[in-house]
Amino acid sequence: MKDNKNKTYFIETWGCQMNEEDSEKISGMLKNMGYVRTIIREEADVIIFNTCCVRENAEQKVFGNIGAIKALKRKNPKLIIVVSGCMIQQKGMAETIVKKFPFVDILIGTHNSYKFPEYLNRIKNGEKQIIDIWKQEGEIVEGLPIDRLSSVKAFVTIMYGCNNFCTYCIVPYVRGRERSRKPEDIEKEIKELVAKGYKEVTLLGQNVNSYGKGLEPKINFADLLRRIDKIEGLERIKFMTSHPKDLSEEVIDVISKGRALCEQIHLPVQSGSSKMLKNMNRHYTKDQYLDLIKKIKEKIPNASISTDIIVGFPGETEEDFMETLELVKTVEYDSAFTFLYSKRKGTPAFEYENQVDEKTKHDRFNRLVETINSIVIKKNQTFEGRNVEVLVEGISKNDENKLTGRTRDGRLVNFEGNINSIGKLVNVRIIRSQGFSLLGEAICDN
Ligand code: SAH
Ligand code: SF4
Ligand code: F3S
């Protein structure tokens, strides 16, 4: 421990909230070893790249970043370079990285990341390079130290892996099969967070609706939500991601009656064409999805609904795409993440012959973004003059005289208020919409 005093680490994370939480665990392990975090890469004693491979451009960014630190390593041979995360779990990727960048010290996958301190010590004791990638997931490791970025809201993984094998997606291959954490472990973690002053948790899983499979005694996602909603002092519960094929009426019902459960549902549709959905192996049709949205809106009238959409999946025709546009207009999403389809080696869709050309993909992408933006802007305007509850996260990035936080339904609000209200819930009057965020003033925050 002592010899790590004043030693620093720099960590960069790509990908989803799961990866962010993994990085918080890596940070926790490093801090336990005596390291301090730095945001200046050039100064660090250890550099960690926690990678994502869900789309090709995520991978390109990682290659660019590893290449860029070659000179640092040459100048300081003691610098330890670590590449971790999903990208490393891909078949043949570790070999590619080692060939391109032989100066990387540790390559570690997603299933054994808890072994990181051991590998780091071995490198410090003179070992040349460690490449350890487990093909299969092991038991869930509880109780790892964790150094969270926020002191107001926290990610809590409730399950790992994915069993769905959507034909475009690499996640099941790099994150393994579904495993659920025991409810008592989740509850314990959240109670500890609340004791530290956290107000909000986001429960994470690739498909939270299938939580609980294989656990004894039996429990499903709705049961877990009910249990967590009872935790005193916890103000907000959010979760992601819900797969539409598994979102039950029971879960919708629990949210509608819940206390801390927020009126926010992320329900990735991926496409508005039933033909595309079938080819994507999503197990629902456009009509089934729209029925689900109807049920949500009936039971939770003020719910905000967000989604993920892929444009240019193999075989997507102009008609298929028009169905996506129509669906977006019908649902009136509160926000949406849009992606250009990216071929991922090892997934079934990689082999599909009817790939859509780049120009058509980009053209559809732009049309989709335009449609979504106009809906989101219109929806945000309806908040002008309204009072909302904001969980204050800190000082606004763009204006240091303002505070920033989010509403229960996930909207970003910048507002004038008392700095002492950071970490608290504050009532804010919305003065005007700024397109994708809201501008307001605290009603009473002292
Ligand atoms: N488990 C979640 C999301 C996982 S990945 C779910 O099922 O919704 C996040 C998003 O990335 C997906 O929802 C999808 O829209 C997008 N995505 C996944 N693979 C992709 C690919 N090959 N090309 C483009 N987008 C992709
Ligand atoms: Fe990927 Fe589908 Fe699993 Fe989501 S549900 S992680 S999109 S395979
Ligand atoms: Fe990327 Fe892995 Fe998440 S591939 S999206 S970081 S599960």
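**Ligand shells and aromatic pairs in a predicted model**

Good morning. Sorted by class, the residues around ligand 3 comprise five nonpolar, three polar and one charged. In this sorting, Ala, Val, Leu, Ile, Met, Phe, Trp, Tyr, Cys and Pro count as nonpolar, Asp, Glu, Lys and Arg as charged, and the others, Gly among them, as polar.

Let me state the basis of this talk. This is a predicted model, in which local features need pLDDT of at least 70 and side-chain atom pairs count only at pLDDT 80 or more, while totals for chains, interfaces and linings use all residues. Residues are numbered from 1 along each chain as its sequence is written, chains are lettered from A and ligands numbered from 1 in the order in which they are written, and side-chain values use heavy atoms, with hydrogens and water left out.

Which residues surround ligand 3? They are Gly15, Cys16, Asn19, Cys52, Cys53, Val54, Cys86, Arg175 and Gln206. A residue is listed if one of its heavy atoms lies within 4 Å of the ligand.

We turn to ligand 2. Its shell has seven nonpolar, three polar and one charged residues. Among them are Cys162, Cys166, Cys169, His243 and Arg282.

Rings of Phe, Tyr and Trp (its six-membered ring) pair if their centres lie within 6.5 Å; planes under 30 degrees apart count as stacked, over 60 as edge-to-face and the rest as tilted. How many aromatic pairs does this rule give? The count is 10. One of the pairs joins phenylalanine 101 and phenylalanine 103, with 6.0 Å from centre to centre and 75° between the planes, an edge-to-face arrangement. Phenylalanine 101 counts as buried because its relative accessibility is 9%, where buried means under 20% relative accessible area, exposed over 50% and partly exposed in between (1.4 Å probe, protein chains only). Phenylalanine 103, at 14%, is likewise buried. Tyrosine 284 and tyrosine 289 form a tilted pair, with centres 6.0 Å apart and planes at 35°. Tyrosine 284 is buried at 6%, and tyrosine 289 is buried at 0%.

Finally, charges over rings. A charge sits over a ring if NZ of Lys or CZ of Arg is within 6 Å of the ring centre and within 35 degrees of the ring normal. Lysine 100 lies over the face of phenylalanine 63, 4.2 Å from the ring centre. Lysine 343 takes such a position over phenylalanine 350, at 4.8 Å. Thank you.
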